[in-house]
Amino acid sequence: MSAPLLVLDRVNKIYDPDGPNPVHAVRDLDLAVNPGEIVALLGSSGCGKTSTLRMIAGFEAVSAGSITLAGRAIHDLAPARRNVAMAFEGYALYPPLTVRENIAFALKSRRRDRDGIARRVAEIARLLEIEDILDRYPSQISGGQQQRASLARALIRPADLHLLDEPMGQLEPQLRAHLRGRLKHFIREGGLTVILVTHDQTEANALADRIAVMEGGVLQQFDSPARLRERPANLFTGAFIGEPPMNLLEAEVEARDGRIIFRLKGGAPLDYPAGELSPALLEWLRRGGRVTLGVRPHRVRIGPGGLPAQVLANQWLGDQSHVAASFAGGVIVSVEHDRVPHGPGAEIGLTIALADLHIFDPASGRAIGHGGRLVEET
Amino acid sequence: MTTLRIENLTRRFSGQTVLRDVSLEVPSGSTLVLFGPSGAGKTVLLRLIAGALEPDAGRILIGGRDMAGVPPEERGVGMAFQNFALFPHMSAFDNIAAPLVARGVPGARVREAVEAVARLLKIDHVLAHPPRALSNGQKQRTALARALVAEPALLLLDDPLRNVDAKLRFEMRLELPRLLSGRGATVVHVTQDYREAMALGDRIAVLDEGRIMQEGSPADIYLRPATIGIAQLFGDPAVNLLDVVPAADEGVHVALSGRRLSLDPGYAHAAGRACVLGLRPEAIGFAPDPAAPDAVPVTVEAETPLNEKIVTLVVTAGGREILVSRPLGTPGPAMGPAAIRIDSARALLFDRATGRRIAPGRSAPAEAAA
Amino acid sequence: MDHRSLLERWLRGIALALVVVFFMFPILWIVLMSLQTNETILRSPPSVVFTPTLQNYAALISGRLETEAGALDIAFMSNLMNSVILSVGSVALALVLGVPAAYAFARHRFRGSEDIAFTLLSFRFAPPLLVLLPLTLYFQDLGLADTYFGLIWVYQLICLPLILWIVRGYFEDISPDIELAYRIAGHSWWATFRRIALPLAGPGIAAAGLLAFIFAWNNFIFALVLASADKQPVTVGALAFVTASGIQYGQIAAAVVLSIAPTLALALWAQRYLVEGLSLGAVKG
């Protein structure tokens with residue numbers, strides 16, 4: 001693998017450090033982004049993702065740590081000298097210029113040939129479906145169109161790194177799926193390296209190769225969408241990633257007669273042969289005590305056998321069914337890709353395979369094991 | 001038991017007709033979802049039912065009683081608002097208690113009823129707080145509690161889940177039917193989220209430009225949408241639309257990238273017409289054998305996971321973009337050349353000129369009900 | 001970084017101090033004047049060193065003014081009373097008329113509603129002198145000249161538009177859904193107005209009332225023409241200090257201090273209440 005393009009080394013951001021209420025917005029952030037990669041910074045508001053983006057772009061001073069882009073330390077450079085392109089959340093289109101002039105602006109300042117510019121603008125306009133509004137002014141087009149124009153302006157500019165701040169929040173729902181696909185294809189074909197900031201995990205999952213999940217200024221996990229789903233590092237990412245969210249169950253561990261039993265609230269047992277667990281995880285569980293179990297809704301299987309549950313709601317959405325059932329003193333959610341016949345009140349059986357079980361330490365929130373293996377083994 | 005009947009309702013605002021001859025019937029104890037884009041007239045219709053506005057023509061009957069000239073406080077409805085509309089100068093308790101206080105319920109019974117509904121909605125610990133001290137989710141639950149507390153026979157929900165985050169919205173969507181069942185209330189629920197409409201409605205009425213475009217069960221709307229527009233509104237990712245002209249020789253088929261896609265023979269009457277083929281992303285799969293006669297060659301351009309599904313953008317040789325979706329965890333193709341296979345039994349056909357769905361003929365008896 | 005912000009802080013402090021001095025100086029000066037005799041005020045060159053005296057205030061309160069030309073009766077205290085009666089009376093009447101009107105204008109669009117509202121506002125544009133002459137004639141015919149009732153009526157030209165337009169804005173800021181929610185809960189139109197609209201627009205009504213009070217208090221021209229000596233407010237009454245033997249600066253200053261004291265006190269007290277009321281986010285919920 002080639003050397004990373006962007007490296008954040010123990011980056012900190014403290015707002016108002018001498019004031020009465022200093023805010024430590026970003027703590028000791030280490031992040032390495034490879035060339036050609038799409039990385040999402042994901043978190044709820046106030047998690048530090050926007051501060052991080054603004055530090056990379058140069059709109060915010062780095063309180064401590066260093067940022068290196070393509071081998072140059074950039075954290076002390078002025079924004080214009082970092083060779084970074086950015087699409088702003090508020091679009092920041094130049095009002096006196098048409099959409100076409102806005103998009104071409106970044107290219108003109110580099111004195112490219114006219115035909116080349118026109119061709120590039122036409123290409124990206126077709127991709128983002130803004131061809132018919134190229135000659136209008138920003139004030140004459142809708143919020144979604146402004147957002148697409150701003151995206152076009154950022155993506156067309158040659159730069160080492162492209163930063164996109166909430167790039168698709170205002171996009172028309174019917175266009176979103178297409179635009180996501182086209183954008184991802186465009187970024188790949190052009191070999192661009194992109195960092196996008198979003199609070200919407202659907203967007204992060206759809207576009208990113210790797211997602212940096214942030215909370216309280218601390219990086220929780222930096223991994224591919226699939227690994228975030230299958231191997232969450234802690235309860236926070238486990239519960240945060242996934243729509244619908246992961247089911248969490250409190251359990252007491254029992255080991256006897258060659259079996260491992262997770263006794264849920266109300267006594268229902270999740271029972272697995274000890275031989276299916278890795279020896280290391282078995283070793284850890286044999287100490288007994290409490291654990292928090294996690295299972296993704298689409299891994300909760302409805303069918304004959306299994307533990308008894310009672311359907312509370314069964315909602316068919318056209319391509320998926322969401323079933324909520326009362327189970328072990330709480331509510332468990334199952335997602336099926338076909339229609340489920342059981343109506344509210346129906347008694348059903350639920351099975352949860354060991355391979356789909358996530359085990360967390362309830363005290364620290366740290367993940368202990370996934371799918372019958374200790375975290376260290378996966 | 002309360003049935004809501006709406007007859008030929010029309011409402012204009014300064015010369016513009018925002019509701020045009022709307023008729024609906026919501027049987028006692030059932031839920032009707034009013035679905036449509038913003039500006040479709042959903043909110044006006046709800047306000048007409050609540051009595052905040054009077055219609056220019058038509059009648060509203062609640063439990064058989066004509067509501068013309070009846071002020072909102074005498075209609076016996078409960079309502080929850082998109083912006084919650086909590087009384088900012090009263091505590092959550094007083095907010096919820098307002099409908100009971102107005103009915104002259106004695107203090108002890110008010111306390112009992114408010115606490116019961118608050119426990120059900122898990123806000124019993126914040127009853128003393130004013131609205132500004134509540135989180136968004138708690139505000140929403142307080143607004144719902146206020147609408148439910150007096151056990152109204154008709155409940156109007158004006159997009160109550162819109163202003164909360166995705167997680168809360170999902171939780172509440174699963175919880176709402178349980179809160180409503182057992183109360184026997186007739187419910188009119190307004191939303192712009194098709195998932196909410198599918199999940200919560202016994203029936204869905206699709207409103208656009210002040211008219212009812214289609215009314216039916218969630219399955220009717222999703223599987224047999226009346227128009228291209230409705231097909232596009234239901235489903236994420238949206239339905240794929242391809243311009244085709246069906247031909248009828250040896251069965252009915254359309255041409256797709258040089259391959260023949262066979263359609264239901266019932267579509268024979270559409271042969272030769274300019275049509276639009278509607279293919280839901282989940283009705284398309286990847287063909288294991290690209291040489292198979294029903295496989296359409298494509299290029300895979302991007303893969304974008306979406307809510308426990310994987311959505312793939314593919315492009316046909318003719319440059320048409322198609323979205324394909326499959327459940328998470330099932331294998332898919334690599335970037336580059338591949339082939340797709342279309343489940344033609346789930347294909348929709350629309351007339352290109354009118355945008356209306358073409359129902360297949362007699363050979364498909366299951367479709368007759370539509 | 002640090003010393004720059006220190007310099008910034010200094011500069012900002014100096015600028016603020018200048019502004020405060022600029023605005024507070026006249027008040028300070030008039031207070032000083034009110035504590036001096038006419039002789040010390042008029043001496044040249046002026047000096048800030050003097051022996052303070054309360055004789056100006058004593059003269060105002062006792063109602064007897066000693067000048068070189070002899071004793072003079074002044075009615076300052078009754079003028080002050082008149083100001084209170086006229087201002088409180090007209091603000092009260094304007095609130096009773098204006099708040100429901102403002103609610104109507106905010107909630108109901110009826111034919112000509114904008115025109116009526118604008119006509120009411122235009123009363124503020126018309127120069128008072130324009131209406132004074134005809135008014136004087138009417139009032140004499142109607143027997144309203146030189147009555148509190150007549151003056152309060154005329155003062156509505158000042159108070160009513162102010163209250164109507166400010167309070168209307170506050171009513172418009174209350175989401176109609178909040179009122180609809182209260183009505184659906186089973187409350188009548190009137191109960192909704194009293195328990196939802198009025199409390200939520202409270203800060204706005206208070207602000208409008210305060211402004212109207214200050215305008216009414218400061219009014220000069222209406223009272224000058226339409227009121228005789230026993231109905232005159234302080235603004236007109238202060239003319240009595242321009243006597244044949246000279247202008248009684250000391251007494252004028254004392255009269256000014258006494259007459260601005262109530263509005264100043266009211267403004268200071270209401271400021272706290274207003275800021276609190278507005279920052280409650282009263283209409284946001």
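## Basis

This is a predicted model, in which local features need pLDDT of at least 70, side-chain atom pairs count only at pLDDT 80 or more, and totals for chains, interfaces and linings use all residues. Residues are numbered from 1 along each chain as its sequence is written, chains are lettered from A and ligands numbered from 1 in the order written, and side-chain values use heavy atoms, without hydrogens and water.

## Chain B against chain A

Chain B brings 37 residues to the contact and chain A brings 33 (contact: heavy atoms within 4.5 Å). The buried area is about 3,200 Å², with 60% from carbon and sulfur atoms (buried area: accessible area, 1.4 Å probe, that two parts lose on being put together, summed over both). Lys167(B), Leu174(B) and Glu308(B) supply 20% of what chain B buries against chain A, more than any other three residues.

Two salt bridges link the chains (a side-chain nitrogen of Lys or Arg within 4 Å of a carboxyl oxygen of Asp or Glu). Lys309(B) and Asp319(A) form a salt bridge at 2.2 Å, N to O. Elements giving two or more residues to the chain B side include α5 (166-180), β17 (295-306) and β18 (309-316). Helices (H or I, at least four residues) and strands (E, at least two) are DSSP runs, numbered from the N terminus. The largest share, seven residues, comes from α5(B).

## Domains of chain B

An automatic or database assignment gives domain 1 (4-226) and domain 2 (240-369) of chain B. Their C-alpha centres lie 39 Å apart. Six residues of domain 1 touch nine of domain 2. The two domains bury about 700 Å² between them, 39% of it on carbon and sulfur atoms. The rule finds zero salt bridges here. Four residue pairs are in polar contact, both residues at pLDDT 80 or more.

## Arg5(B)

Arg5(B) sits in strand β1 (residues 4-13) of chain B. Arg5(B) counts as partly exposed because its relative accessible area is 35% (buried is under 20%, exposed over 50%, partly exposed in between; 1.4 Å probe, protein chains only). The side chain of Arg5(B) makes polar contacts with the side chains of Glu7(B) at 3.0 Å and Glu25(B) at 2.6 Å. Beyond four places in sequence, contacts of Arg5(B) include Leu24(B), Arg59(B) and Leu61(B).

Key:
A polar contact is a pair of N or O atoms within 3.5 Å; within protein, one must be able to donate a hydrogen and the other to accept it, and residues adjacent in sequence count only if both atoms are side-chain atoms.
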